[in-house]
Amino acid sequence: MKYRDILEETSSALLANKVRSGLTMLGIIIGIGSVIAMLAIGQGAKQNIQGSIEGLGSNLLTIMPGVIQAGRGIVSSGRGSAETLKNEDLPVIEKVEGVAIVSPELSRRFQVVADTGNNTNTTIMGAEVKYAEVHNLILANGNFFSAEQVRGLGRQAILGATVASDLFGEIDPIGRKVRINGSVFRVIGVLQAKGGFGFSGPDDMVIIPLPTMQKVVSGLDNFSSVSVSVVDKEAMAQVQTQITDDLMIKHRVKEADFSIISQQDILDTMSTVINTFTMFLASIAGISLVVGGIGIMNMMLTTVTERTREIGLRKAIGAKRRDISLQFLIEAIALTFIGGAIGIFLGWLVSFLVTYFGVLQTSVSWYSILLAFGVSALIGIIFGYYPARRASAMNPIDALRYE
Amino acid sequence: MIEIKNITKTYRTGDVDFQALKNVGFTIKDGEFVAIMGPSGSGKSTLMHILGALDTATSGTYFLDGRDLSKLSDDELAEIRCDKIGFVFQSFNLLPRTTVLRNAMLPLVYAQVSHEERDKRAREALFSAGLDEGHFYHKSNQLSGGQIQRVAIARALVNNPSLILADEPTGNLDTKTGEIVLGTFQRLNEEQGKTIILITHEREVAEHADRIIFIRDGEVVEDHGQHAKRIINRK
Ligand SMILES: Nc1ncnc2c1ncn2[C@@H]1O[C@H](COP(=O)(O)OP(=O)(O)O)[C@@H](O)[C@H]1O
Ligand SMILES: [Mg+2]
């Protein structure tokens with residue numbers, strides 16, 4: 001039997017029972033469609049988070065006081081308890097080979113009151129001039145403070161995009177005043193919005209000169225973090241180890257009383273979480289595929305029984321086992337394949353709509369489409385095999401006698 | 001040329017053995033028109049299934065054109081059916097929802113014949129079987145009983161077999177239509193020299209053949225030519 005004949009037989013058999021073929025296909029359509037949509041949404045979420053983390057600087061190491069322990073969070077940290085990062089540490093870090101910029105930072109949450117009367121609770125970041133460069137910050141408006149202003153305990157503030165709109169709404173904040181913990185600051189710049197995925201980024205903060213933060217606003221002289229940008233992304237791990245060793249010597253401790261986190265670590269952790277989540281969703285969708293496959297098998301078994309006499313007749317006039325089994329197998333595969341194609345389209349449509357309505361930037365990958373086609377063909381073969389075998393093993397006489 | 005010797009067929013249902021054929025043997029030469037006649041349940045269909053390579057005998061030998069068929073596999077038997085044998089059954093002869101032309105060419109589909117060749121041969125066969133060209137594209141469920149049997153005969157002819165087996169081909173037809181169908185078999189036998197084995201329980205039907213083999217309870221009880229009688233009847 002030629003392939004063209006098998007395809008002709010298949011299309012006429014499937015069209016003969018359109019409603020049943022359609023309903024059986026529906027299982028596969030829903031299964032494949034949800035797998036595609038889940039993978040696309042997961043992929044989109046991952047790219048989104050990767051984007052926002054990388055936007056914060058991908059060659060960045062963050063040194064924090066205290067030790068991060070798995071399952072226990074930051075130990076011996078917190079306000080005042082772990083003041084392990086101080087001014088004298090900075091030269092040690094700067095000396096490490098591969099370090100480009102060292103940016104000491106001190107942040108606390110405070111209430112900020114604007115001269116409009118609006119107020120908000122946000123992170124006040126005491127920083128030096130290089131902070132903007134290390135964290136890839138771009139000003140939407142105004143200027144960053146100068147080195148002189150930093151040295152001179154200046155009262156200048158740069159607002160994150162969210163803070164700016166919370167405090168001033170439509171009003172231009174440049175030149176306006178804000179009060180932070182009793183001190184008045186003049187707004188000299190507004191940051192461009194970065195967006196982010198539930199991640200406290202630069203949108204929700206106010207940046208002021210570090211010495212002002214230490215001496216005037218908080219009264220602390222340590223740092224809450226030191227951001228280090230590394231010249232070569234490849235050398236991150238090496239730089240990280242070197243800083244750890246040098247700081248431990250400087251601190252005269254056997255166990256580090258600080259932690260160094262790279263953006264890559266955060267990225268990896270987030271990716272793992274999202275991958276796991278995506279796989280979880282996709283496997284739930286996969287279960288509906290198996291259910292769809294069982295539907296195919298059920299329909300094929302019914303078809304084989306209904307067409308017993310036809311099978312007998314075909315065998316009587318010369319059809320071999322292979323001809324019969326191929327005919328029914330191809331029928332099952334055609335069902336799953338067409339269902340798979342429609343399912344891919346539907347899954348793509350869902351992820352397109354998710355993107356279109358701005359929920360999330362999704363992306364349907366070629367890999368997931370190929371996977372879906374492969375899986376649907378495989379389901380056709382697996383669940384079509386048994387019915388096809390049953391058909392081909394029929395004795396032509398029994399089949400012809402069957403009423 | 002068909003040669004069967006000591007053919008027996010035993011059916012086993014549960015613990016009970018039932019001998020449907022007992023020591024059947026005869027020879028049918030090429031070009032003969034033979035009727036196998038006997039009452040219902042006498043084993044005619046069982047014999048036809050063996051002659052048609054649809055089934056194998058429990059014991060005994062069957063040579064078709066010199067080839068021993070008694071020990072072939074399913075697929076080898078399918079090949080023999082494909083090459084040498086055409087069938088006409090009592091009922092459910094055609095694929096439903098399928099055109100007359102496609103039904104008639106079905107054996108050629110399994111014989112790997114090209115599409116153009118198939119079409120040509122199916123038309124010739126339908127013409128030989130006496131079907132009007134106007135019906136070629138009708139679906140099989142739009143045909144009358146007589147037309148269905150003629151399509152079935154065409155399908156039996158289409159792969160140019162040396163042997164045509166018909167099991168009660170007129171069983172579902174009225175007498176007049178039945179006569180036309182039997183006339184078609186006679187014509188094919190006389191004009192194209194096809195070997196035809198006609199299975200029936202009706203004497204009037206059997207009398208269209210040149211030779212009648214009577215079977216009863218799975219045994220051949222009589223075997224004689226009718227040739228002379230038919231010529232007399234015609235005059
Ligand atoms: N598959 C089978 N299993 C058991 N008994 C069968 C089977 N096929 C036929 N028989 C029995 O064999 C006998 C002959 O049947 P069959 O050849 O169909 O007779 P006929 O065609 O002459 O009416 C019957 O008694 C029938 O019940
Ligand atoms: Mg019978």
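Helices (H or I, at least four residues) and strands (E, at least two) are taken here as DSSP runs, numbered from the N terminus. The structure shown in these views is a predicted model.

**View 1. Secondary-structure elements of chain B around ligand 1.** In chain B, β1 (2-13), β2 (16-28) and α1 (44-51) each contribute at least two residues to the shell around ligand 1. The largest share of this shell, three residues, is supplied by α1(B).

**View 2. The shell of residues around ligand 1.** Ligand 1 is surrounded by 13 residues, of which the closest are Arg401(A), Gly41(B), Lys44(B), Ser45(B) and Thr46(B). Because the surrounding residues come from chains A and B, the site is shared between chains. By residue class, the shell comprises four nonpolar, seven polar and two charged residues.

**View 3. Polar contacts of chain B with oxygen atoms of ligand 1.** A polar side-chain atom of Thr46(B) is placed 2.6 Å from an oxygen atom of ligand 1. For Lys44(B), a backbone N or O atom lies at 2.9 Å from an oxygen atom of the ligand. A backbone N or O atom of Ser42(B) is found 3.3 Å from an oxygen atom of ligand 1. Of the 550 Å² of accessible area that ligand 1 has on its own, the protein covers 70%.

**View 4. Domains of chain A.** Chain A comprises domain 1 (3-52 + 268-401) and domain 2 (85-256). A distance of 55 Å separates the C-alpha centres of domain 1 of chain A and domain 2 of chain A.

Note on methods:
Residues are numbered from 1 along each chain as its sequence is written. Chains are lettered from A and ligands numbered from 1 in the order in which they are written. This is a predicted model: local features need pLDDT of at least 70, side-chain atom pairs count only at pLDDT 80 or more; totals for chains, interfaces and linings use all residues. Side-chain values use heavy atoms; hydrogens and water are left out. A residue is near a molecule or strand if one of its heavy atoms lies within 4 Å of it. A polar contact is a pair of N or O atoms within 3.5 Å; within protein, one must be able to donate a hydrogen and the other to accept it, and residues adjacent in sequence count only if both atoms are side-chain atoms. Accessible areas come from the Shrake-Rupley method with a 1.4 Å probe; for residues, only the protein chains shown count as cover. Ala, Val, Leu, Ile, Met, Phe, Trp, Tyr, Cys and Pro count as nonpolar, Asp, Glu, Lys and Arg as charged, and the others, Gly among them, as polar. Domain bounds come from an automatic or database domain assignment.
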